Amino acid sequence: MFVDLMVLAAQCRFHDCCHAIESGCAVLVALAEGTLGEDRWQSFQKLRREQAYAARQADPHLARANRDAWKKIHRSVRARMRFESGE
Ligand SMILES: [Zn+2]
């Protein structure tokens, strides 16, 4: 698939490089040098956008699980405070 691009991205100076404006970005260098075709880069970014979208779609469940967990914590804290204040 995009193994060559992944290898290239792994050579970026920063781990969380977004390959847009970062200095030390191996992808930008390859684009500038012409070793990486613009078309190929565009289709890789399209794929990444789709993956990010899929991740966001999955997120609401995560967010709700997180909220439920916090609700439980708040409830137990309130119960404990009531108990300690003698109500
Ligand atoms: Zn990069």
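Residues are numbered from 1 along each chain as its sequence is written, and side-chain values use heavy atoms, with hydrogens and water left out. Because the model is predicted, local features need pLDDT of at least 70 and side-chain atom pairs count only at pLDDT 80 or more, while totals for chains, interfaces and linings use all residues.

Let's start with the metal. The zinc ion is held by Cys12 (SG), Cys17 (SG), His19 (ND1) and Cys25 (SG), at 1.9 to 2.3 Å; donors here are N, O and S atoms within 2.8 Å of the metal (3.2 Å for Na, K and Ca), and water is not among the atoms, so sites may look incomplete. Along the chain, these donor residues follow the spacing C-x4-C-x1-H-x5-C. The angles between the 4 donor atoms run from 105 to 116°, so the arrangement is tetrahedral (four donors get that label if all angles lie between 85 and 135 degrees).

His19 sits in the loop between α1 (3-10) and α2 (26-33), where helices are DSSP runs of H or I with at least four residues, numbered from the N terminus. With a relative accessible area of 6%, His19 is buried, a word that means under 20%, while exposed means over 50% and partly exposed is in between (1.4 Å probe, protein chains only). Its phi is positive, near 55°, even though His19 is not a glycine. Leaving out residues up to four places away in sequence, His19 touches Ala9, Cys12, Cys25, Val27, Leu28, Trp41 and Arg48, contact being heavy atoms within 4.5 Å. Cys25 belongs to that loop between α1 and α2 too, and is buried at 3%. With the sequence neighbours up to four places away again left out, Cys25 touches Cys12, Cys17 and His19.

Then comes the helix α3, which covers residues 38-85. Its 48 residues reach 67 Å from first C-alpha to last, close to the expected 70 Å, a span worked out as 1.5 Å times one less than the number of residues. The helix has a kink of about 35° at Asp59, shortly before the proline Pro60; the bend is the angle between axes fitted to the seven residues ending there and the seven starting there.

What follows α3? The next residue is Gly86, with a positive phi near 80°. Gly86 counts as exposed, at 61% relative accessibility. From Gly86 to Arg64 is 22 residues in sequence and 33 Å in space, C-alpha to C-alpha.

Methods: Helix = DSSP H or I, 4+ residues; strand = E, 2+ residues; numbered from the N terminus. Tetrahedral: all angles 85-135°; square planar, octahedral: opposite > 155°, others 65-115°.
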